[in-house]
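Please open the structure in a viewer and keep the selection tool at hand. The stops below say what to select and what is found there.

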Amino acid sequence: MNAVGKIKPNARPFYQKYSAGQLKEALRKMYLIRRFEEGAEEAYMRGLIHGTMHLSIGQEGSAVGATMALRNSDYITSTHRGHGHCIGKGADPKLMFAEFFGKEEGYCRGRGGSMHIADVATGNLGANGIVGGGLPIAVGAALAIKKQKRDDVAMCFFGDGASNEGAFHEALNMAAVWKLPVVFVCENNKYGMSVPTERSMAVANVADRASAYGMPGVIADGNSIADVEEAIDEAIARARRGDGPTLVECKTYRTRGHSRSDRNRYRTREEIEEWKARDPIPHFEAELMAHGLATEAEVNAIRNSAEAEIAAGIEFARLGTDPNPAEVTRDVYSNEAA
Amino acid sequence: MRELTYAQAIQEALAQAMDADPAVFLMGEDIGVYGGAFQVTGDLVHRYGEERVMDAPISELGQAGVAVGAALAGCKPVLEFQFSDFATLAMEQIVNQAAKLRYMLGGKVNVPLVMRFPAGSGTGAAAQHSQSLDAWLAHVPGLKVVQPSTPADVKGMLLAAIDDPDPVMVFEHKLLYKMKGEVPEEPYRIPIGKAHVARKGRDVTVVATSIMVHKSLEAAETLAAEGIDVEVIDLRTLRPIDTATIIGSVKKTSRMACVYEGVKTLGIGAEISARIAESEAFDYLDAPILRLGGAESPIPYNPELEKAAVPQAPGIVEGLRNLVRGRL
Ligand SMILES: Cc1ncc(C[n+]2csc(CCOP(=O)(O)OP(=O)(O)O)c2C)c(N)n1
Ligand SMILES: [Mg+2]
């Protein structure tokens with residue numbers, strides 16, 4: 001960890017606000033996400049699970065930084081690249097694996113799979129297979145919060161590509177005009193599948209679009225959990241105060257391909273390596289140790305415990321119950337007679 | 001009993017639903033002080049305030065998604081589309097989200113929303129403001145689709161729709177808004193998924209939807225004078241379809257016609273015909289099934305063309321006469 005010496009002694013607010021225990025828990029979540037996705041990838045390669053999946057490896061800083069300050073009663077809407085958001089909001093990786101394996105024990109009883117995994121009990125209103133699909137839904141959840149006079153927020157994750165959908169513009173406008181408690185979190189990983197943002201947007205930043213809707217647009221370093229959390233914290237506070245929505249753009253990068261079928265033809269190896277060197281996990285570890293908030297031994301123990309939990313989760317999922325094909329139409333309606 | 005128009009019956013249902021449950025709210029374009037494009041919400045904004053009768057930006061996709069999110073989070077939104085044609089802008093949220101969220105999340109959520117769609121031709125509004133897209137939405141598992149044809153039915157079915165834990169799409173024919181009929185004052189529910197025998201008859205079963213129920217009843221009166229006794233079934237719900245009532249009727253009459261305004265091909269008539277062909281009623285048929293549906297064209301502007309594009313009573317009379325007289 002040669003970065004250790006570079007950390008300034010006067011710690012930024014993020015390191016003062018949270019206890020060492022909370023910060024280490026955040027690191028553990030980042031590891032859980034990383035190992036969850038690596039485990040899922042491996043299970044896929046070994047033919048244990050099918051379909052496709054979108055890995056967020058490299059984006060854990062924004063997933064955990066954004067969800068850290070949320071309460072259980074706050075909502076999130078997520079995306080096709082949503083494993084990190086789901087774990088960040090409090091889901092149990094073993095039940096996510098069970099979903100991946102298509103088992104009854106899974107969060108969606110095997111009906112949803114990777115693209116729809118959500119632990120509703122922790123306020124996750126769903127990952128989404130439709131680019132931009134979650135944006136208006138988050139606005140609706142925030143409208144309900146306002147009507148019910150709660151001080152919760154709805155956090156809406158989406159990608160840079162999604163900001164080119166009409167749904168994005170309609171959702172931001174409505175949230176702003178009704179001053180709803182939404183925190184829009186754009187994870188700008190530079191590409192919508194293969195198309196770079198420079199070729200899909202005429203503005204430099206997604207955050208620049210916020211001004212068209214009369215809301216603050218803030219840019220954070222998505223690979224720094226501290227930078228993300230501080231930007232989000234302000235947005236959450238603003239939303240809870242009743243001052244309306246904020247758009248936070250987290251500049252980040254996915255080091256894996258878009259999905260299982262990606263051959264990485266649209267970017268260079270150098271670019272990938274450059275971003276791998278900015279991996280949010282070692283970056284956070286280095287800062288924790290530089291501030292004396294964690295020792296190397298503790299960091300190793302966190303990593304090991306996350307690994308053990310993931311391995312146990314995969315075992316749990318493998319032994320799960322397969323759904324009964326006769327129940328294919330179950331849960332289409334609330335009242336099964338319909 | 002006191003009479004209300006179809007539009008007034010809807011408004012009364014909306015008011016009674018809001019009185020009964022603070023979670024119910026209305027959203028749509030110009031439904032506030034303007035009163036709605038067809039004056040359905042009328043002065044509700046003055047009685048319930050802008051928070052419960054919400055004018056939304058002209059963002060159909062966004063509004064549909066807001067309704068989904070609010071429903072997930074404990075509200076009961078009733079969304080008015082200004083014209084049913086604009087459902088095409090909101091298909092993403094209706095078809096991919098509202099209809100599927102419960103299923104995709106393993107039954108852990110429900111989406112109790114209602115969308116109201118002023119539909120149909122006859123107003124000279126031409127191709128983009130006159131469609132009947134009910135069968136589109138009825139194709140989607142997870143949605144319920146109703147098409148009430150009378151003031152009494154629309155009140156009862158709308159209240160049932162608002163009670164329902166799942167998304168219900170309500171298609172309201174624009175020409176019915178001014179139709180008057182007896183409507184009980186107290187709140188009541190008419191179950192979703194139950195057809196109604198609007199006229200009993202022996203010789204032929206007509207399965208009709210929405211305004212075509214009235215045109216079919218008109219045709220039935222004409223034919224009664226010729227000694228042809230027509231049974232008219234008002235389907236009322238497109239999903240789930242009340243197959244049992246139709247089968248029972250066809251076994252009695254041995255002839256069936258389907259009359260609907262949506263485009264004939266791949267419309268509701270195809271589904272009903274197939275259900276009869278698949279059922280024990282098939283053996284009872286004495287004649288081929290007749291489908292009278294909308295023309296294979298957009299709805300035209302010219303009034304005569306517009307009438308020609310959807311079934312009218314004289315055409316229904318002729319079709320049924322030929323069917324019963326064995327001239328098909
Ligand atoms: C409406 C819609 N269009 C296209 C797709 C196919 N698709 C899935 S993800 C994706 C790229 C999305 O880019 P972005 O929003 O930046 O998210 P990222 O994948 O980079 O996380 C595309 C084109 C889709 N799922 N939905
Ligand atoms: Mg992207």
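What follows is a walk through a predicted model, stop by stop.

**Where the chains touch**

Begin with chains A and B together. The contact between them draws 37 residues from chain A and 37 residues from chain B. On the side of chain A, two elements give two or more residues: helix H6 (134-147) and helix H7 (166-177). H6(A) supplies the largest share, 11 residues. Coloured by class, this side of chain A shows 23 nonpolar, nine polar and five charged residues.

**Helix H7 of chain A**

Now select H7(A). This helix has 12 residues and reaches 17 Å from its first C-alpha to its last, close to the 16 Å expected at 1.5 Å a residue. Its buried residues include Phe168(A), Leu172(A) and Met174(A). What covers the buried residues of H7(A)? Among the elements that do so are H6, strand S2 (154-159), strand S3 (182-188) and strand S7 (246-251) of chain A, along with helix H3 (60-72) of chain B. Past the helix, look for Lys179(A), which has a positive phi near 50°.

**Around ligand 1**

Select ligand 1 next. It is surrounded by 15 residues, and the closest are Val131(A), Gly159(A), Gly161(A), Ala162(A) and Gly192(A). The shell consists of five nonpolar, eight polar and two charged residues.

**Helix H11 of chain A**

Move to residues 280-290 of chain A, which form helix H11. Pro280(A), Ile281(A), Phe284(A), Glu285(A), Glu287(A) and Leu288(A) are buried here. Turn the view to look down the axis of H11(A): the buried residues fall within an arc of 165°, so they line one face of the helix. An α-helix has 3.6 residues a turn, so residues three or four places apart point the same way. The cover over the buried residues of H11(A) includes helices H2 (20-45), H3 (60-67), H9 (225-240) and H12 (296-318) of chain A. After the helix comes Gly292(A), with a positive phi near 70°.

**Two loop residues in chain A**

Select Ser19(A), in the loop between helix H1 (13-17) and H2 of chain A. Is Ser19(A) buried or exposed? It counts as exposed, because it has 9 C-beta neighbours inside 10 Å. Then select Arg109(A), in the loop between helix H5 (93-100) and H6 of chain A. Arg109(A) counts as buried because it has 22 C-beta neighbours inside 10 Å. Its phi is positive, about 55°, although it is not a glycine. From C-alpha to C-alpha, Ser19(A) and Arg109(A) are 36 Å apart in space, and they are 90 residues apart in sequence.

**Strand S4 of chain B**

Go to residues 76-80 of chain B, strand S4, where five of five residues are buried. Lys76(B), Val78(B) and Glu80(B) lie on one side, with Pro77(B) and Leu79(B) on the other. Strand S2 (residues 24-28) of chain B runs parallel to S4(B), joined by five bridges; Val24(B) has Lys76(B) as its bridge partner. Strand S5 (residues 114-119) of chain B is also parallel to S4(B), joined by three bridges, and Met115(B) in S5(B) stands opposite Leu79(B).

Most residues other than glycine have a negative phi, and most peptide bonds are trans. Arg236(B), in the loop between strand S11 (230-234) and S12 of chain B, has a positive phi near 60°. Arg236(B) counts as buried because it has 26 C-beta neighbours inside 10 Å. Finish at the cis peptide bond between Arg239(B) and Pro240(B), where omega is about 0°. Pro240(B) is in the loop between strand S12 (237-239) and helix H9 (243-253) of chain B.

Definitions and conventions
Residues numbered from 1 in each chain as written. Chains lettered and ligands numbered in written order. Predicted model: local features only at pLDDT ≥ 70, side-chain atom pairs only at ≥ 80, totals over all residues. Buried ≥ 20, exposed ≤ 12 C-beta atoms within 10 Å, placed from the backbone. Helix = DSSP H or I, 4+ residues; strand = E, 2+ residues; numbered from the N terminus. Arc of directions from axis to C-beta. Contact = placed C-beta atoms within 7 Å. Near = placed C-beta within 6 Å. Nonpolar A, V, L, I, M, F, W, Y, C, P; charged D, E, K, R; others polar. Expected span 1.5 Å × (residues − 1). Pairing = 2+ DSSP bridges.
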